[in-house]
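Visitor: Please put the structure up, and I will ask about it piece by piece.

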Amino acid sequence: MRSTISSAESRIGEAAPHTGGQLPAAHRRTRERRNYRSTLAAAAFLLPGFLLFFLFVLGPLVFSFRISFYDWNIINSELSEWVGLENYTRALGDPVFRRAVINTIAYTVVTVPAQIILGVGVAILLNQAIRGRSFYRVIYYLPVITPWVIVSLVFEFIFVGQGGLANYLLKDVLHVTSENIRWLAHPILTFVPIFLLGIWKGIGWTAIIALAGLQSIPAAYEEAAAVDGATAWNRLRYITLPLLRPTLTFLTVVLTIGGLNAYISNLLITNGGDPQDKTHFILTLMYEATFEGLDFGYGAAISYLLTAFVLGMSVIQLRLLRKKVEL
Amino acid sequence: MTVTSQTISKGGDEAMTTSKLCTRFIALCAVLMLVGAACSSDSGDATTTTADGSGTTVPTETTTTSGDGTTTTASAEPQTVEYWHTMSDPETAQLEAVVAAFEAANPHITVETTRFAYDDFKAALLTALAGGEGPDTARMDIIWVPEFAELGALQQLDGVMPGFDDIADSVFPGPLATNHWDGHYYGLPQNTNTQVLLWNKSVFTEAGVDGPPETLEEFASVACDLSNPSDEEYGFALGGTYFWAPAPVFYAMGGQVVDNAITTATGYVNGAASVAAFEMLNDLYADGCLSPNLLGGGIGTADGHATGLYAMITDGPWMVDIYAGNYPDFEVNFSLVPANGSGSTSSVVGGEDVVVFADSDASDAAMAWTAYLMSAEAQKTMAEVGVIPTRADLIGDPDLPDYFGVFLEQLTTAQARVPHPQWGDMDNAINNAFQRMLNGEQTPQEALDQAADEINDLLG
Amino acid sequence: MRMSTGKRISRIASYTLLSLGALAMILPFWYMVATSLKPQAFIFEIPPRLWPSEATISNYVEALTKDSFGVYFLNSLIVALVSTGATVAVSAMMAFAFARFEFRWKEPIFYTLLLGMMIPPVMLIIPQFIVAKNLHLLDSLVGLIVVYVAMNLAVQTFLLRGFFEGIPRSLEEAATIDGASRWQTFWHVALPLVRPGLAVVAIFTFLYSWDEFPWAHVAIRETSKRTLPIGIALFQSEHLTEWGQVFAASIVAVVPVIAVFVIFQRYFIRGDVNSGTKG
């Protein structure tokens, strides 16, 4: 079981160094030979996947990069005009884009920790010998397995400004407000349903991953600690969570990427930036620029700025979360 | 998977190291991509996708089309015309009858129709055209034609399409003009529409108001009389802040977006009449007489009107069939958009144009289909489900539904939006100005001054 | 079973918390079901009702008989099943190679792959379309499947690499000493040990393929090849959205995914027992 943790560390950490430089010549030859055979075997295992990856992910990525330097004419590409970095500078100087960046970051900063805290909490509760475990798992997973398009429509429907379920609960049941709240007409309140949806939909996924992580922790550790008289909180704090670190790292990185790339809920709920283009996420702006404004070059530049940002964030997170687990 | 990997690991023994393999592989892929991109940008691609999904080359042939849409063909090689649209359920059902009639008259042509959701249609069209896989013809929103024409996606029809002049002479000039861009026509007006006032009779009767308002002044006071915000009841509601929604009131008040030559917005979108129109709507909103749903997230106008929450809305002829399907007990009542101080009414022209795409490889058959869609026969068939014809000779035809009367009358005064490729951005400028005033950030004058500047930038 | 008072309290607290959370999870879903049973005239009733005053199944009847709903359903099923199978196979092979083989540029290659996790999928659509066109994959279910597999590879390989690295090397070394080839080691030794991971991959890929909208929307034009999300999007209209029908169709679309999840989560638990985490 130690291997789970240490190996996950090396996965996240730097490349395992294997230069043959200091070895005697004879050794080096056999070593190289072994590596060489290993390389061939690796190529065989990697080829089918990489073929698809190159064709449908990496290649298109390169192509988009090219588009981002043009005023790209999507119908007659030979009419496209080279504009250099103009699309990029335009984005960085555009207040709508800056607002979209702030919104996207806010969404990520709020929804990612909320999903992890609630999801891991659910996983810990489910990792006990309790009745109805499968029942709860299915319930918590319902939002995850319901398509984004559908849940976005449902949340939009619940947060209707007049007579929606949310207003009914707040006004007529809980009496928190005396008037209907115009959720989707307000540039800040619009984010209430969008953020809630992001959290609501992600808890189940986070819980399942965390549960898989928890189940790989030997019960013996916790039992030993319990025998030693450690409280439930201390067992969680000093045993479970540290052992869960690789899982938490994975969750943080993947959820952050997901958060920064969020767009379907925003597109459907705000209708693409309403009101006043103040509620865009980076991708809704990109979608609007591309498919509404036909500005493919600008859209590609926005995507690249986002990709660069996501990449930077991921690297930073991996470095920060890489710390060794002391056992 | 098993087979692939084993074969490769055996055969690769004498081959290259990983690094070389990868380098070559990346290079190969990059080349492939660039070649692929270059190929796809050639427009002379004669391959079309047929029903079985295989690529077949369709031979071109000489086709002549007479004014009534029947076609005589030199060679009777079968041809397929792809036609994309965003029709509603009843319209789609009716379209099948139109296709059947056309195919019966032109046995060598098959028409394949594909329906899209309106919101996704532009994206779907663009991606398909980019990949050289677009349809031959489509029915698109009138405001998109200049945009697609500027991209070079559409075929010029005047002087190219057989019988074009006859068809052009037979239709209303307003809808025809929406196809005009840079000196040529890039489509034909398949159908037209406009918005009129819908008033909920039972709400009016209950409040003791006899009939629909005839002047805008009366309209404003009735709207407030019929409002009771605490119960979410409003005298008037708009579907949103995008230009189409306030357009009937805007034009009826005498508002204008730009000058006729489309050179400037100054003095037009921020002129006295335009500002007065938005001031009226802004005041109605502030006084709780205009539903806040227009800022988003409220009950839609169609639902709210039928359920009695919104006493008045403005909408188009399709509402008859939509209400028949969803609110069978609801009685729809139309009237002209209330008149301004000098007694004249107006509204906004909507509708769809049928276009032929530049890279269609069955353009003769596509034009024959286009001509048929413009025929009196086809237009009358579609009229049965609330699609207003564009042929002037059909006015007064006893087969047309009775409720068309008010729409046809409104159309005589209705105005078109700005026929410009950047219209979408202009619409957005006005939309944002409207939202700024509703939120109290700017007065109507300030908001529209800013919109005028933004539109002037777009006009270059 | 005897329990201390403290344990009893914590047990009750656990159930309460889980049930409250479950309620929050289920409420929007419940509202969707209720709405799907309402006629349009009652959709926006004030106050909203959590159960329709007069329930009707007419929305289901209309939704299921509209267009070719049955065909969309079948297409989605084929695409989701094949994409899932292929993704599990391909990403397991890749993950095994990254976890167990030493080769030059291993980490740079891995990070290149991870790039695929970080790309907004929407930005790839136009070039993907051009590639698919040149390979004659447009308007075909294969075109959907290859893209779904490609888009899932990165994240699933990342996930599975961790699972493979969690297996004690000694097991595989023993197999190698017994003369097993790398492929046999992978297939007979490693793969069975990461079954919980494979189940996770299967669930996620199935969900992704079942939900995916943007690519299917541009790559498929023929009505007979459309998948469910496209069919559902068509229920939204320019003038009036028939919420009852939208939600009725949505519920029908969600049922198979629930089935898949229920089946695989059982397997999940069995996998735990088999891999002997208790010891």
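Visitor: Is the crossing of α4(A) and α11(A) left-handed or right-handed?

Guide: This is a predicted model, in which local features need pLDDT of at least 70, side-chain atom pairs count only at pLDDT 80 or more, and totals for chains, interfaces and linings use all residues. Residues are numbered from 1 along each chain as its sequence is written, with chains lettered from A and ligands numbered from 1 in the order in which they are written. Helices are DSSP runs of H or I with at least four residues, and strands are E runs of at least two, numbered from the N terminus. A crossing counts as left-handed if the near helix is turned anticlockwise from the far one by less than a right angle, and right-handed if clockwise; that of α4(A) and α11(A) is right-handed.

Visitor: Which residues of α11(A) make the contact?

Guide: Contact requires C-beta atoms, placed from the backbone, within 7 Å. On the α4(A) side, the residues include A:Y107 and A:V112. From α11(A) come A:L248, A:L251, A:T252, A:L255, A:T256, A:G259 and A:L260.

Visitor: How many bridges join β7(B) to strand β15 of chain B?

Guide: Strands pair if DSSP finds at least two bridges between them. Strand β5 (residues 79–85) of chain B runs parallel to β7(B), joined by two bridges. Strand β15 (residues 349–356) of chain B runs antiparallel to β7(B), and the bridges there number five.

Notes: Two residues are in contact if their C-beta atoms, placed from the backbone, lie within 7 Å.
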